[in-house]
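Subject: A structure to look through

Hello,

Here is the structure I promised to pass on. Please have a look at it first, and then read my notes below.

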Amino acid sequence: MMKTTNLFDKKTVETSTNISYEPTTFADNASRVSISGAQEKLFALVDGTKLRLANSGEQSTHIVKPIPSNMGLTNRRDMPANEFLTMQIAQQVFGIKTAACSVIYLANGEIAYIVRRFDMMGENKLSQEDFCSLLNKTAFTHGSDFKYQGSYLEIANALRTTVALWRIDMEQFVRVVIFNYLMANGDAHLKNFSVLQNGNEYRLTPAYDLLNTSLHIKDSDFALSGELGLSDEEKSDAYYRTGHPTIADFRTFALHCGLTERQTEQALEPFTKEQPQVETLCNASLLSEKSKRIFLRSYHERMARFTREK
């Protein structure tokens with residue numbers, strides 16, 4: 001299942017590490033960085049054949065997410081495996097460009113998720129802006145839940161004005177929105193979409209922070225708020241009746257994002273039928289057997305909603 005060629009520049013790096021994790025370690029390490037996201041993160045780099053935490057003043061190249069300490073999360077010990085599995089499904093099954101990632105083991109033997117920072121090119125740090133920043137949404141202007149205030153169509157409109165090659169990146173964006181729905185990722189908020197500046201050009205970043213949140217919390221179809229979740233455009237009769245979107249709603253959404261009819265059908269095509277490889281990858285994953293069942297059940301349920309005609 002693991003495809004990690006790009007994770008360490010083809011270097012051989014041990015997956016078992018001496019990295020220790022305690023909540024106090026997280027607090028000390030995290031105070032030296034500024035990266036969006038509520039999940040606990042450690043910042044690391046490769047030293048010879050080993051991973052270690054970045055010291056003060058050192059530039060990290062990788063982000064490590066251990067098992068979260070929040071005891072209120074259901075199946076919390078499966079979160080690293082969940083994120084790795086979901087990222088692999090996005091890339092291998094649906095052709096979505098994702099950040100290079102894998103799993104490693106900490107000093108105590110516990111699993112952790114690791115992702116390579118795509119805002120680092122060699123020793124140079126590229127400018128990255130998420131869509132909270134691009135849409136000028138802050139806690140001051142939109143309240144404490146500011147990153148959940150808006151719609152995916154708002155993101156699309158900002159993408160069109162920021163990225164010169166937006167027609168290419170928009171198809172990727174639409175696919176990620178559909179993917180998040182089918183994979184029950186209810187935390188795809190404004191900070192989980194970004195653009196990256198390389199020279200004078202902005203491009204949509206690879207997808208990141210993809211996971212099936214239904215394994216851990218009771219979540220809604222979309223992270224973004226209320227009726228604005230997908231867009232404020234017209235909805236299908238089935239959406240109005242059931243409260244859940246169908247492929248017709250995502251087709252309308254894609255067209256309002258600016259895709260041509262041909263691009264829209266290309267974006268939708270991989271999602272028009274269940275993909276057996278989703279089950280294959282899930283069964284081969286490091287999820288517990290209980291979480292495998294939940295993961296696949298939610299996928300089948302979402303697919304049934306997505307493909308219904310009425």
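**Two loop residues**

A184 sits in the loop that links α6 to β9 (194-198). Helices (H or I, at least four residues) and strands (E, at least two) are DSSP runs, numbered from the N terminus. Before going on, please note that this is a predicted model, in which local features need pLDDT of at least 70 and side-chain atom pairs count only at pLDDT 80 or more, while totals for chains, interfaces and linings use all residues. Residues are numbered from 1 along each chain as its sequence is written, and side-chain values use heavy atoms, with hydrogens and water left out.

Back to A184: its phi is near 55°, a positive value in a residue other than glycine. With a relative accessible area of 4%, A184 is buried (buried means under 20% relative accessible area, exposed over 50%, partly exposed in between, with a 1.4 Å probe and protein chains only). N136, in the loop between α3 (131-134) and α4 (139-142), also has a positive phi near 55° and is not a glycine. N136 counts as exposed because its relative accessibility is 59%.

**Helix α6 and its partners**

Which helices does α6 meet? I will take α5, α9 and α11 in turn. Contact here means heavy atoms within 4.5 Å. Axes are lines fitted to C-alpha atoms, for helices over the stretch in contact, and angles run from 0 to 180 degrees between N-to-C directions. Angles under 35 degrees count as roughly parallel, over 145 as roughly antiparallel, 65 to 115 as roughly perpendicular and the rest as oblique.

- Helix α5 (residues 152-162) and α6 have axes that come within 10 Å and cross at roughly 165°, so the two are roughly antiparallel. Y152, I155, A156, L159 and R160 of α5 meet W166, D169, M170, F173 and V177 of α6. This contact has eight nonpolar, no polar and two charged residues (Ala, Val, Leu, Ile, Met, Phe, Trp, Tyr, Cys and Pro count as nonpolar, Asp, Glu, Lys and Arg as charged, and the others, Gly among them, as polar).
- Helix α6 (residues 166-182) and helix α9 (residues 261-268) have axes that come within 9 Å and cross at roughly 40°, which means that α6 is oblique to α9. On the α6 side the contact involves R167, E171, V174, R175 and I178, and on the α9 side Q263, Q266, A267 and L268. Four of the contact residues are nonpolar, two polar and three charged.
- For α6 and helix α11 (residues 289-307), the axes come within 8 Å and cross at roughly 120°, so α6 is oblique to α11 as well. I178, Y181 and L182 of α6 meet S298, Y299, R302, M303, R305 and F306 of α11.

**Helix α11**

The buried residues of α11 include F295, L296, Y299 and M303. Its buried residues pack against α2 (79-92), α6, α8 (247-256), α9 and α10 (276-284).

**Strand residue L51**

L51 belongs to strand β2 (residues 50-53). Is L51 buried or exposed? L51 counts as buried, because its relative accessibility is 4%. Leaving aside neighbours within four places in sequence, its contacts are F8, V13, T17, I19, A44, L45, V46, I104 and I114. The C-alpha atoms of L51 and S16 are 8.6 Å apart, although 35 residues separate the two along the chain.

Best wishes
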